[in-house]
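Here's a quick briefing to read alongside the structure. Have the sequence handy as you go.

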Amino acid sequence: MQQQCMNKARLGGSAQKPRVASQQSRRGRSLALKVRGSGSSSSSGGAQTATTQAKTALVKIGTRGSPLALAQAYLTRDLLKKTHPELAEPGAIEIKIIKTTGDKILSQPLADVGGKGLFTKEIDDALLDGRVDIAVHSMKDVPTYLPAGTVLPCNLPREDVRDAFISPLGDSLAALPEGSVIGSASLRRRAQILAKHPTFDVVNFRGNVQSRLRKLEEGDVAATLLAYAGLRRLDLEDKITSVLSLEEMLPAVAQGAIGIACREGDDAMGAYLDSLNHPETYTAVLCERAFLAALDGSCRTPIAGHARRGEDGGLVFDGLIAHPDGLEVYKIQNHAAFSNEDAVRLGEEAGQQLKDKAGPKLMDFLNENLEGFNPNQAPGASA
């Protein structure tokens, strides 16, 4: 596998709760959130905004324009206004919608067109050139490297990390007939589904949450899986048939977490974000992203990982790597003290142990299918 270029001071994460809505270690900076909210959007010229400006904005928030991304941006806005009175003034916060490459290319699997970094690049560019002051991301979309000049110092409280099963034909995957067509663009979900249901056909199924639900209603597929967190944030829980247990479907690294980035050295924005950071989420995401980096994980690699606070107060991590067709699945569970330093170490060790457990045959197969591109490797890093 390609050598991962990862700055440990740029990872992030949290504990999972079934329905959930400071000073940081120098080894970690990252992303996460719990989101509900609403707002109106308007467009002027090439720039769209979701807040009417009465004066020069003190904080400009960069976000994608999907309903889920906007819900996360509105939540960030509302938390800032609640925490900082000066930001509650009219026009103090502006939301700028930025269209990303990942939003424009929907006909192909994400792994084939450049990976999850395609949902963040244009927003990162806007952050670096000063068009926005902070950037709100779904953490699972963020590569394990960060562009030079940016930091991820904030994770908001994490939502439920589980996946939701949605189908008009049965109340679970096991209830569907053999040969059923399942819609999912996620290799992680594909591998875990096919490991237990090898007769199923898992087909590419991209688009925002609403478009996927529409395709399901139109009969394109028998069922689909979506992040429970996203459905909750969009108030679409009524669409859920059932919620899969972590034993049935281990989540993606940083699923349910939202991260907020700013420019390195921007003390004003850093102070705002520090006031919103949720330390428990931050630590868990640090662990998960260190695990992903240790495995050189990309959108072409079926990897799952979940870190949480255990009953004894320590950190518990579950990880998985698999063949894309579910032919081989390897799992690991490790424990450590609940701290940023220990979280990064635990993730790195778990990644190496799982790599050893899977063996060279599977790892070589996954490496060959990367076709020389790893969206989690920093540009210019050696292979």
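This is a predicted model: local features need pLDDT of at least 70, side-chain atom pairs count only at pLDDT 80 or more; totals for chains, interfaces and linings use all residues.

**Nonpolar cores**
- The largest nonpolar core has 40 residues, and the members touching the most others are Cys287, Phe291, Leu295, Leu315, Phe317 and Ile321.
- Helix α9 (340-368) is among the elements that each supply at least two residues, and α9 gives the largest share, 9 residues.
- Looking past its neighbours within four places in sequence, Phe317 is in contact with residues including Cys287, Phe291, Ile332, Leu346 and Ala350.
- There's also a second, separate core of 24 residues, with Val59, Ile95, Leu156 and Ile260 among them.

**Helix pair α1 and α7**
- The axes of α1 (residues 67-83) and α7 (residues 267-276) come within 10 Å and cross at roughly 95°, so the two helices are roughly perpendicular.
- On the α1 side, Thr76, Leu79, Leu80 and Thr83 make the contact, while α7 brings Tyr272, Ser275 and Leu276.
- Sorted by class, that contact has 4 nonpolar, 3 polar and no charged residues.

**Salt bridges**
- The count comes to 20 salt bridges.
- Lys60 and Asp133 pair up at 3.5 Å, N to O; Lys60 is in strand β4 and Asp133 in a loop, so the bridge ties together parts 73 residues apart in sequence.
- Both ends are buried: Lys60 has a relative accessible area of 19% and Asp133 has 9%.
- Arg188 in helix α4 and Asp163 in strand β8 are 25 residues apart, and their side chains meet at 3.0 Å, N to O.

Key. Residues are numbered from 1 along each chain as its sequence is written. Side-chain values use heavy atoms; hydrogens and water are left out. A nonpolar core is a set of buried Ala, Val, Leu, Ile, Met, Phe, Trp, Tyr and Cys residues joined through side-chain atoms within 4.5 Å. Buried means under 20% relative accessible area, exposed over 50%, partly exposed in between (1.4 Å probe, protein chains only). Helices (H or I, at least four residues) and strands (E, at least two) are DSSP runs, numbered from the N terminus. Contact means heavy atoms within 4.5 Å. Axes are lines fitted to C-alpha atoms, for helices over the stretch in contact, and angles run from 0 to 180 degrees between N-to-C directions. Angles under 35 degrees count as roughly parallel, over 145 as roughly antiparallel, 65 to 115 as roughly perpendicular and the rest as oblique. Ala, Val, Leu, Ile, Met, Phe, Trp, Tyr, Cys and Pro count as nonpolar, Asp, Glu, Lys and Arg as charged, and the others, Gly among them, as polar. A salt bridge is a side-chain nitrogen of Lys or Arg within 4 Å of a carboxyl oxygen of Asp or Glu.
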